[in-house]
Amino acid sequence: MQNQVIRVEGLKKSYKKLHVLNGVDFGVEKGNIFALLGSNGAGKTTIVNILTTLLKQDSGTATVNGFNVASKPDYVRQSISLTGQFAAVDEILTGRENLIMIARLRHLKNPRQVADGLLRRFELTDAADRRVSTYSGGMRRRLDIAMSLVGNPQLIFLDEPTTGLDPQARIEVWRTVKELAANGTTVFLTTQHLEEAEQLADRIAILHEGRIIANGTLGDLKQLFPPAKVEYVEKQPSLEEVFLAIVGKKEDK
Amino acid sequence: METARTYFVSDTSVMLGRSMRHVFRSMDTIITVTIMPIALMLLFVYVFGGAIHAGSDNYVNYLLPGILLIAITSGTSYTAYRLFMDMQQGIFQRFHSMPIARSAALSGHVLTSLVSNAVSVVVIILVALIMGFRSSAGVLSWLAVVGMLGLFTLALTWVAAIAGLSAKSVDGAGAFSYPIMFLPFVSSAFVPTESMPSVVRAFAENQPVTSIVDAIRSLLGGQPVGNGIWLAIAWCLGILVVAYAVATRVYGRRMA
């Protein structure tokens, strides 16, 4: 298909005797939010690392924006951005310095202005000149994602973006992801939270034992299961709903 | 690719700026790499100095080259530490998924090591001047001293890079520097090797620190350096070439 930004065919990767990927196939369309679901150790990060040119596959092909990740990694890197599983921020620098550094590395003309704009957008202006080591987990993640948006890449990889975040920070990340997609950015997301995929994704692929065992919209996936039974249950609020109701809309400072 | 190459200089300078900030924002680093060697210098000159017969009436002059090497050694151990921390955190992954020169991340650290060690060497020399250090060396000799120290720093920095890239823990990253920091004590840095028992003396006279210290001391003292300086250069170059080869291989493997 023409407007597929990611195409993966027969991707295989082993670490010594451990076969992590056993022939993975999928495609991601431009402007979509694509969620890769899988349990811990399923190989989600391995796929992200291959697609972001950090790791070479054993066999199979992967293209990103039409460029083969193995043979044209420099072209791939021009148009992507990675927010890895562990916040890739510099703790000793301030939030502003982090953003300016990335803008310089992306060879943008006005690093300061780019940084100011992103600080405002991610509500980090007040904390801009504090060292990142003083940031909360949610702020750190926001900065991390802001750093990935420097230079407006067309395709963003988010590897378990909400792992370790509290519910409010998680909702903030969700909002950001939705905004990105609304502006036409393609988002490749990995997660082990089913609800996250349900909330965000246009398409969901399930990675299990090194293969994609299901791939489709939420509706498609639901049809794979037996039809819904009608039952009457008293719906108690979940602890998360209680927590959010009590804490209200308080933002972290 | 050509775009990556043309940006190598600007990318490396961004990396340099980044890790120089790390250096100046860490009191711990500043204390260890400048104040510790200065304290050692004070201790040896004003406490032990009276009892040490180094064959010259100005013990600061005798001591300074060894102190500088100790300072550089502890300075490079922080390069290993910073490199290790970068490998641990996601930041190197981010750099490597960006369209920047691949080696810029590593060269930024190497350059930082050269610059920050140069700063601490200058500070230590200034303190030594206050303590009575005097040199009759001319411009050429000073240039040779700078070159010698630069080469030593570069060689040790690449050794540090191996440690930082392959260490499994923070403690492991800096551990390589302890035995190296000990070498000056079993060399001609503090006392002439003639005073040592024969086995120790044989070791002291044939290890790199002695030849480097002797060469720098002769240069600073306006003495003829003889063939000793070539031995010193050979040691540094040898260590540099081997460490560079190993470090870039480890880096390539870790960043496959």
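In this predicted model, 21 residues of chain B are in contact with 22 residues of chain A, where contact requires C-beta atoms, placed from the backbone, that lie within 7 Å. The model is a prediction, so to speak, read with set limits: local features need pLDDT of at least 70, side-chain atom pairs count only at pLDDT 80 or more, and totals for chains, interfaces and linings use all residues. Residues are numbered from 1 along each chain as its sequence is written, while chains are lettered from A and ligands numbered from 1 in the order in which they are written.

**Where chain B meets chain A**

- On the side of chain B that touches chain A, the elements giving two or more residues are helix H1 (2-6), helix H2 (8-24) and helix H5 (91-96) of chain B; helices (H or I, at least four residues) and strands (E, at least two) are DSSP runs, numbered from the N terminus.
- H2(B) gives the most to this side of chain B, with five residues.
- The residues on this side of chain B divide into nine nonpolar, seven polar and five charged, with Ala, Val, Leu, Ile, Met, Phe, Trp, Tyr, Cys and Pro counted as nonpolar, Asp, Glu, Lys and Arg as charged, and the others, Gly among them, as polar.

**The six-stranded sheet of chain A**

- Six strands of chain A form an open sheet with mixed pairing, in the order E6-E7-E8-E3-E9-E10; two strands pair if DSSP finds at least two bridges between them.
- Strand E6 (80-83) and strand E10 (211-216) of chain A are the edge strands, each of which pairs on one side only.
- From one strand to the next, the twist averages 15 degrees, with axes being lines fitted to C-alpha atoms, for helices over the stretch in contact, and angles running from 0 to 180 degrees between N-to-C directions.
- E6(A) and E7(A) pair in the parallel sense over four bridges, and within this pairing Ser81(A) stands opposite Ile156(A) in E7(A).
- From E6(A), Ile80(A) and Leu82(A) point one way and Ser81(A) and Thr83(A) the other way, and all are buried; a residue is buried if 20 or more other C-beta atoms lie within 10 Å of its own, exposed if 12 or fewer, and partly exposed in between.
- Strand E7 (residues 155-159) and strand E8 (residues 186-191) of chain A also pair in the parallel sense, over five bridges, and Phe157(A) stands opposite Phe188(A) in E8(A).
- Helix H5 (residues 137-149) of chain A packs on the sheet and touches E6 and E7 of chain A, its direction making about 170 degrees with that of E6(A).
- Helix H6 (residues 167-182) of chain A packs on the sheet as well, touching strand E3 (33-37), E7 and E8 of chain A, and its direction makes about 150 degrees with that of E8(A).

**A hairpin and two positive phi values in chain A**

- Strand E1 (residues 4-15) and strand E2 (residues 18-29) of chain A pair in the antiparallel sense over nine bridges, and the bridge partner of Ile6(A) in E2(A) is Val28(A).
- E1(A) and E2(A) form a hairpin with two residues between them, and Lys16(A) in the turn has a positive phi of about 50 degrees.
- Lys16(A) counts as exposed because it has 5 C-beta neighbours inside 10 Å.
- Glu123(A), in the loop between helix H4 (111-121) and H5 of chain A, has a positive phi of about 50 degrees although it is not a glycine.
- Glu123(A) counts as partly exposed because it has 14 C-beta neighbours inside 10 Å.

- Chain B has 12 helices and zero strands.
- The radius of gyration of chain B, taken over C-alpha atoms, is 19 Å, close to the 18 Å that the globule rule gives for 256 residues, so chain B is as compact as a globular protein of that length; the rule is 2.2 Å times the number of residues to the power 0.38.
- Buried residues make up 46% of the 256 residues in chain B.
- Of the 142 residues in the largest nonpolar core, Ala35(A), Leu99(A), Leu189(A), Leu63(B) and Ile212(B) touch the most other members; such a core is a set of buried Ala, Val, Leu, Ile, Met, Phe, Trp, Tyr and Cys residues joined through C-beta atoms within 7 Å.
- Helix H4 (residues 59-88) of chain B supplies the largest share of this core, 16 residues.

Methods. Two residues are in contact if their C-beta atoms, placed from the backbone, lie within 7 Å.
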